[in-house]
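Here is a short walk through one structure. Keep the sequence and the 3D view side by side as you read.

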Amino acid sequence: MRKGTRTVLSMQNNYKGPAEDFAMVVPVPVVLKEKDVKTLDKSVLQRIEMLGSPRLVEYWEQNPCPVPSNRRDYDMAPMAGAAMMREESEGDSESKRSTVKIEAKFTVGEYNILIRSATEAAGLETWLKQNGDRIPDGAEPLLRPYVEAGSKFFVAKVDPKKVTMDAKGVAQLSPLRFHYD
């Protein structure tokens, strides 16, 4: 949601796999404080989903108009995404490590929250990997625009001791809400 300069993000994640492997990274424009982040009851997003879901209504009426013969069929096939090439970074990993700073650290519900900032995208990618975050190879070009814009990185990791798994191995995670101006 957005009103004026206030942005409120609410999200619910479905994750299948070991809870300790889950982490979510969201670029944000400011350092979030603990009071800006909270967990929600699952019913909140279920209600929003219900209100926003399409409704099927059927009306039947005899069509008095003939079907036009020059009707065009459009191909609605999804466009294929371009493959991202990984750029090799230069410099030693110790200099990259120093380009990342932990701005805030706190716990909300089952999530351990870190707010990170970086001055260099390649350094951020290296730092994340060296600190146990599993990010895809070649993430640096995707991180670069956010780092160059001065974004901070909201990172939510799950405390495995606070999460239950259902019979299908899906983590039962609380929805998260955070806001900023």
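Predicted model: local features only at pLDDT ≥ 70, side-chain atom pairs only at ≥ 80, totals over all residues.

Residues are numbered from 1 along each chain as its sequence is written, and side-chain values use heavy atoms, with hydrogens and water left out.

Begin at helix H3, residues 121-130. Helices (H or I, at least four residues) and strands (E, at least two) are DSSP runs, numbered from the N terminus. In H3, 8 of the 10 residues are buried, so the helix is largely enclosed by the rest of the structure. Buried means under 20% relative accessible area, with a 1.4 Å probe and protein chains only. Among the buried residues are Glu-125, Trp-127 and Leu-128. Just after H3, Gly-132 has a positive phi of about 85°.

Now turn to the largest pocket, which holds about 220 Å³ of space. Leu-128 is one of its lining residues, and so are Pro-136 and Phe-153. Strand E4 (23-28) and helix H4 (140-148) each supply at least two lining residues. H4 gives the most, with 3 residues.

The second largest pocket has about 170 Å³ of space. Its lining includes Leu-128, Gly-132 and Lys-157. Val-25 and Ile-135 belong to this lining and also to that of the largest pocket.

Methods: Buried < 20%, exposed > 50% of the residue type's maximum accessible area, 1.4 Å probe, protein only. 1 Å grid on protein atoms, 1.4 Å probe; cavity = no way out; pocket = protein on both sides within 12 Å on 5 of 7 lines; lining within 4 Å. Points joined across faces, edges and corners; volume = space filled by probe spheres on them.
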